[in-house]
Amino acid sequence: MTDETSKEPGLCDVFGKAVGNLYRGGPANVSWERAFEGLTAEDAGRVPPHLPHSVAQVVAHVQFWQAYLLRVIGGENPPTPEHAAGGWPAPGNWEEVKTAFQQDAARLREYARDDAFILTTDRQGQPYGVALTNFAGHSVYHLGQVVNIRQALGLWPPPSGGDTW
């Protein structure tokens, strides 16, 4: 006999924890919060030699797609950019981009942790869990770029330290 109040974690619980955590940066790498730590607007806007983007540009790109997914989840049908460049908006104000990014990542994390939601199908018949996983992977990919850009600028590790174990 099992106690009704102690529920074993199900597949959705595991999914929600695993994918939801990726919106923070994931347990296997630094968090977005740590990647942003101590980064001024001026430094966030600098493009290192031999690299194509600044931290601010990368974050604005990830934020563009986070906002896009949230619009889809909200029932909208936003147009997909015709070319990849359409998903790379000008970053604008660093503090505003960073704040919007963190807020939207938190919202997507909550969706990933909602058992019923991840199984709900989108307008193309795919469970939202698929899109949430793809977007989380996209985010973590670009988190690695942010760390590399900071390294190239001589701005890594952040003030509280990096992962050095």
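Reply: Helices here are DSSP runs of H or I with at least four residues, numbered from the N terminus. Pro157 lies in the segment after helix 7. Keep in mind that this is a predicted model.

Me: Which residue does the cis peptide bond join to Pro157?
Reply: Omega at this bond is about 10°, and the bond is cis. Pro157 itself belongs to the segment that follows helix 7. The residue joined to Pro157 by this bond is Trp156.

Me: What is Val55 in contact with, leaving aside its neighbours within four places in sequence?
Reply: Val55 is among the residues with the most contacts inside the largest core. Leaving aside neighbours within four places in sequence, its contacts are Leu39, Ala44, Arg46, Trp94, Val146, Ile149 and Arg150.

Me: Why is the pair of Phe117 and Tyr128 stacked?
Reply: A pair of aromatic rings is described by the distance of the centres and the angle of the planes. Pairing needs centres within 6.5 Å, and planes under 30 degrees apart count as stacked. For Phe117 and Tyr128 the centres are 4.6 Å apart and the planes are at 20°, so the pair is stacked.

Me: Are Phe117 and Tyr128 buried or exposed?
Reply: Phe117 is in helix 6 (residues 115-119) and Tyr128 in helix 7, eleven residues apart. Buried means under 20% relative accessible area. Phe117 has 12% and Tyr128 has 9%, so Phe117 is buried and Tyr128 is also buried.

Me: Which residues form one aromatic cluster?
Reply: The structure holds eight aromatic pairs. One aromatic cluster is formed by Trp32, Phe36, Trp94 and Phe101.

Me: Is His50 buried or exposed?
Reply: His50 is found in the loop between helix 3 (41-44) and helix 4. Its phi is positive, about 70°, although His50 is not a glycine. The cut-off for exposed is over 50%, and at 83% relative accessibility His50 counts as exposed.

Note on methods
Residues are numbered from 1 along each chain as its sequence is written. This is a predicted model: local features need pLDDT of at least 70, side-chain atom pairs count only at pLDDT 80 or more; totals for chains, interfaces and linings use all residues. Side-chain values use heavy atoms; hydrogens and water are left out. A nonpolar core is a set of buried Ala, Val, Leu, Ile, Met, Phe, Trp, Tyr and Cys residues joined through side-chain atoms within 4.5 Å. Buried means under 20% relative accessible area, exposed over 50%, partly exposed in between (1.4 Å probe, protein chains only). Contact means heavy atoms within 4.5 Å. Rings of Phe, Tyr and Trp (its six-membered ring) pair if their centres lie within 6.5 Å; planes under 30 degrees apart count as stacked, over 60 as edge-to-face and the rest as tilted. Helices (H or I, at least four residues) and strands (E, at least two) are DSSP runs, numbered from the N terminus.
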